[in-house]
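Visitor: Can we go through this one together? I'll ask as we go.
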Amino acid sequence: MTAPLGKDLLALEPLTPEQIRLILDTAEPFKEISERAIKKVPTLRGSTIVNLFFEASTRTRISFEFAEKRLSADTVNVGASGSSVTKGETLVDTARNLEAMRIDMVVIRHSASGAAQFLAERIESNVINAGDGTHEHPTQGLLDLLTLRDHFGTLEGRRVCICGDVLHSRVARSNIWGLKKLGAQVGVCGPRSLLPNAVSELGVEVFDRIEAAIEWAEALNVLRLQLERMQGGYIPSLREYNRVFGVTRERLERAPRDILILHPGPMNRGVEIDSDVADGPHSVILEQVTNGVAVRMAVLYLLAGGPPELAEAAKGGSDR
Amino acid sequence: MARDREGGTREQGTGKRNDPTRVVLRGGRVVDPSQRLDATGDLVLSDGKVENFWRAGDTTYGDDYRVVDCDGLVVSPGFIDVHCHLREPGREDVETIATGARAAAVGGFTAVCAMPNTQPVTDNQAAVGFVLRQGQTANAARVHPIGAISLGQEGKALAEFGEMVGAGAVAVSDDGRPVASAHLMRTALEYARTFGIPVADHCEEPTLAAGGAMNEGIVSARLGLKGIPSEAEEIMVIRDILLARRTGGHVHLCHMSTKGSVELIRWGKERGIRVTAEACPHHLSLTEDVVNGYNTNALCATGPSISSRRTTRRTTTMRRSGSSRTRLTGSSAWRRRWPS
Amino acid sequence: MADKPTTVLDARAVARTLRRMADEIVELFDGTENLILVGIQRRGVQLSDRLADILDEREQVRVPRGSLDITLYRDDLQTVGPRPVVGPTKLPWDLNGKRVVIVDDVLHTGRTVRAALDELADFGRPARIALAVLVDRGGRELPIHADIVGKRIDVVASDRVDVLVSDLDGVDSVVVVRREGGT
């Protein structure tokens, strides 16, 4: 029997390496299901899952929806606009209403860090964090790990650099925790105004220039730079960001080795990453998307399991 | 190797001497503060580098030395003015980069850093490149442009530090105005780290200083002029030092003028914070009494006002004790009837 | 409460049984045309490979072989506690019109085979599905029937029947483990 994940998946920081490996290993067989003609298994048949997205998202929500439907669950999407939230309903009340409807699982994305934990503490349903504020985005971190593992075999000792606005990025944080737990060496690269002040205490190498990061890394996870950062005064312009920190073909050509390129999407072509890199031979961006559905199926599958005590009761005759 | 002869040979048309390897600057007053050297003697140069210093005596030099008579002259390392205003572009009627660079050279300054409060403000790579090229054309003291921290020096949006450094900027500053927003100062210090340049701040808290004409003290009280308290400078000084501590950036404090500022800088340096500072000649040599009689020549248009006697003494002591790396600076040309 | 194991088939007996089962498959389908052998994870896969190898040799063909993991189709996932590990499913063909032999080690309640039939239905519509098992221990809970049986054994519900294969366990054998005394 497998080590349980607990009731919820809220973050990668509290997980053990074994739990992370369990999720990645479980995702492997789920990849195959998306290759079948009939992309469906009956595993979560009769389960009700609500996608509670307080922040707009296309790719994450669709990825979760595919994962849920391919497991035969019934899904309901609740978006931020036109919902009771805009009428002023608090998160607590939303949670209580969901519970009253006997929802099995909730996938939540919210603009406040800690919102997923807040919800999880108040309802019995399984809660999956699809991104809370700038805190964590655990399923994104997991699919990045799976993609890297597919190419490297093992993450132990591998050098992965996260490039961009680490300060405001939940994807960066999940990646840092996940990579470190699996034994990788982690670097970050970006203007200091976009790196957390205490970044060196996270146990990562800090690179002030993208050239130095490219010299060091075996893989780059390039984060999306948001326009708001310019308006918030953290960097002068997107143009300068591309000139100083952009991942361009010229810079990669000077690298001492082939470097894997990841990006959580959506991409700002010509800002943090150039088109010929995003579409180039070392980019695994589309694999990340494919792996995303498999990882989310694995998480749903593992969380839906019952408590360990049931396993004891189920042991007895071999059930053939 | 050509043998030297008195006077050397002169290349036609360029005005340059065909310099031999060894030169002696004989009999001048040789001054080098970094070595605490101030004595009359001979400075021997070889291959463009200082080889030796002989105190005044009867040393004779062979034919392979070119001897330059420096009797009555001062021989010193070239000074660097890290803070000057060359007024070009915009106010060429007052000063240009060329006139400023030549004036600097005459005064013994081999390099100057030009502040960006020009018209328009030097806040982009094209403007920085312009200043650099004008300096090169002037062919006098080297001119190192300083770029603005914020676009238009308005204190809102960061200028493109990377582009400006690429075009030759050696630092960034909004001098002429304080950086009122602590968030902008912090971000500037962090962003500047990427390019290894200092951020120079004009320390004057705007709400305390508004409308003030001179230092707040007994003279302003008697003359009935609105004063600027020393805290207007000190509040920004400590703010900038603390931000330098948090960000690990290098802050340079412009035209320090109060005793309190000196103490704060010492506090910062004791803790290993990357802070450097400068003072102006008039702050070291004058006191607020010079304003008596409504002497408008003594009113500083944008820099901090001349302070009380105690402050002047303290600033001078600070410089002598080396507790802050000050430089004589603040050269800026003003026309007589400059609107304040 | 001691466990008392008894070997019911040793390695040689297993080999003999498999050879006979292979013959029965050929007989049942009148040849190997359009035939696919699909083993159920985990030990059914090893047995299926063995049968396919025997068929390859006997009939001078290459019989396609696949593997099926039925974990996701189990009807008891909600009650079994923490989720079991899911193994790989490899069925790279469209099963329309094919003749499929499901191979498993032990047939007991029949629920595993029911799950396998549901899963196969998602891969197409075979012309015929047959079931071959090494051991039939009785105790059906569903109307499931094996077409080809290696050995029928008679046990009580508390007995355990273990099939060991050399690839995974180092030896080929079928062992019955009887619980003595207590529950």
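Visitor: How much area do chain A and chain B bury between them?
Guide: This is a predicted model. In it, chain A and chain B bury about 1500 Å² between them, and 45% of that is on carbon and sulfur atoms.

Visitor: Which residues of chain A lose the most area to chain B?
Guide: Arg192(A), Asn197(A) and Glu240(A) do. Together they make up 36% of what the chain A side buries.

Visitor: And how many residues are in contact?
Guide: On chain A there are 17, and they touch 17 residues of chain B.

Visitor: Switching to chain C. What is the strand order in the open sheet of three strands?
Guide: The order is E1-E8-E7 in chain C, and the pairing is antiparallel.

Visitor: Which strands stand at the edges?
Guide: Strand E1 (3–9) and strand E7 (160–164) of chain C. Each has a single partner strand, so one side of each has no neighbour in the sheet.

Visitor: How many bridges on each pairing, E1(C) to E8(C) and E7(C) to E8(C)?
Guide: E1(C) and E8(C) are joined by six bridges. Between E7(C) and E8(C), the latter spanning residues 173–179, there are five.

Visitor: What does Val161(C) pair with in E8(C)?
Guide: Its bridge partner is Val176(C). On the other pairing, Asp3(C) stands opposite Arg179(C) of E8(C).

Visitor: Is E8(C) mostly covered or mostly open?
Guide: Mostly covered: five of the seven residues in E8(C) are buried.

Visitor: Which helix lies across E1 and E8 of chain C?
Guide: Helix H1 of chain C, residues 11–29. H1(C) runs at about 45 degrees to E1(C).

Visitor: Now chain B. At what angle do the axes of H7 and H8 cross?
Guide: Helix H7 (residues 231–247) and helix H8 (residues 259–270) of chain B cross at roughly 10 degrees, and their axes come within 9 Å.

Visitor: Parallel or antiparallel, then?
Guide: Roughly parallel, because the angle between H7(B) and H8(B) is under 35 degrees.

Visitor: Which residues meet there?
Guide: From H7(B), the list includes Val237(B), Ile238(B), Ile241(B) and Leu242(B), along with Glu233(B) and Arg245(B). From H8(B), Leu264(B), Ile265(B) and Trp267(B) are among them, as are Gly260(B) and Gly268(B).

Visitor: How many of those residues are nonpolar, polar and charged?
Guide: The contact of H7(B) with H8(B) has seven nonpolar, three polar and three charged residues.

Conventions: Residues numbered from 1 in each chain as written. Chains lettered and ligands numbered in written order. Predicted model: local features only at pLDDT ≥ 70, side-chain atom pairs only at ≥ 80, totals over all residues. Heavy atoms only, no water. Axes fitted to C-alpha atoms, helices over the stretch in contact; angles between N-to-C directions. Helix = DSSP H or I, 4+ residues; strand = E, 2+ residues; numbered from the N terminus. Parallel < 35°, antiparallel > 145°, perpendicular 65-115°, else oblique. Contact = heavy atoms within 4.5 Å. Nonpolar A, V, L, I, M, F, W, Y, C, P; charged D, E, K, R; others polar. Pairing = 2+ DSSP bridges. Buried < 20%, exposed > 50% of the residue type's maximum accessible area, 1.4 Å probe, protein only. Buried area = accessible area lost by both parts, 1.4 Å probe.
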